[in-house]
Amino acid sequence: MTGGLWDILWIFEDGGSAALHTKQENEPFIMNCDIDGDMENQVEMEEKTRLINQVLELQHTLEDLSARVDAVKEENLKLKSENQVLGQYIENLMSASSVFQTTDTKSKRK
């Protein structure tokens, strides 16, 4: 079973035992089992390995999503700031232009 960067390897050690290692860290994982152990232990170990892979993938996905949310928040703040600057610029242009000046209609009728 592969899980991208989080693949778990069986490393067989002297004495007939096996330890789980991650490719990324290559440090012993939390479980050891006896190679001569019964089939039930092997099935249980495979299930635990599968669940660990799934948890690690989900953690990686969560980290990616969290980083994306932070990037979107930062971009949103930047765009809000730019919109305020542009809004002020347009307001200043409109107030300086005679086309957008209010006219006094009462004085024209006299």
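How many residues apart do Glu-44 and Lys-48 lie in helix 1? Point 2 takes this up.

1. Basis of the model. This is a predicted model, where local features need pLDDT of at least 70, side-chain atom pairs count only at pLDDT 80 or more, and totals for chains, interfaces and linings use all residues. Residues are numbered from 1 along each chain as its sequence is written, and side-chain values use heavy atoms, with hydrogens and water left out.

2. Glu-44 and Lys-48. They lie 4 residues apart in helix 1, about one turn of the helix. Helices here are DSSP runs of H or I with at least four residues, strands are E runs of at least two, and both are numbered from the N terminus. The side chains of Glu-44 and Lys-48 form a salt bridge, 3.1 Å from N to O. The term means a side-chain nitrogen of Lys or Arg within 4 Å of a carboxyl oxygen of Asp or Glu. Side chains of opposite charge can pair when their charged atoms come close.

3. Glu-47 and Arg-50. By this rule the count is 2 salt bridges. Glu-47 and Arg-50 also meet in a salt bridge, at 2.6 Å from N to O. Both sit in helix 1, 3 residues apart, again about one turn.

4. Exposure of the paired residues. Buried means under 20% relative accessible area, exposed means over 50%, and partly exposed is in between (1.4 Å probe, protein chains only). Glu-44 is partly exposed at 37%, and Lys-48 is partly exposed at 35%. Glu-47 is partly exposed at 36%. Arg-50 is partly exposed at 30%.

5. Thr-49. This residue is in helix 1. Thr-49 counts as buried because its relative accessibility is 10%. Its side chain reaches the backbone oxygen of Met-45 at 2.8 Å.

6. UniProt, in an unreviewed entry, lists residues 48–82 as "coiled-coil region". Such annotations may be inferred rather than shown by experiment. In the model, the span 48–82 is 100% helix and 0% strand. Its end C-alpha atoms lie 51 Å apart.

7. A nonpolar patch. Tyr-89, Ile-90, Leu-93, Met-94, Val-99 and Phe-100 make a nonpolar surface patch of about 640 Å². Patch residues have over 30% relative accessible area and no salt bridge; nonpolar side chains (Val, Leu, Ile, Met, Phe, Trp, Tyr) are joined within 5 Å, like charges within 9 Å. Areas come from the Shrake-Rupley method with a 1.4 Å probe. Val-99 is in the loop between helix 1 (39–96) and helix 2 (105–109). Val-99 counts as exposed because its relative accessibility is 68%.

How values were computed. Polar contact = N/O pair within 3.5 Å; in protein donor to acceptor, adjacent residues only side chain to side chain.
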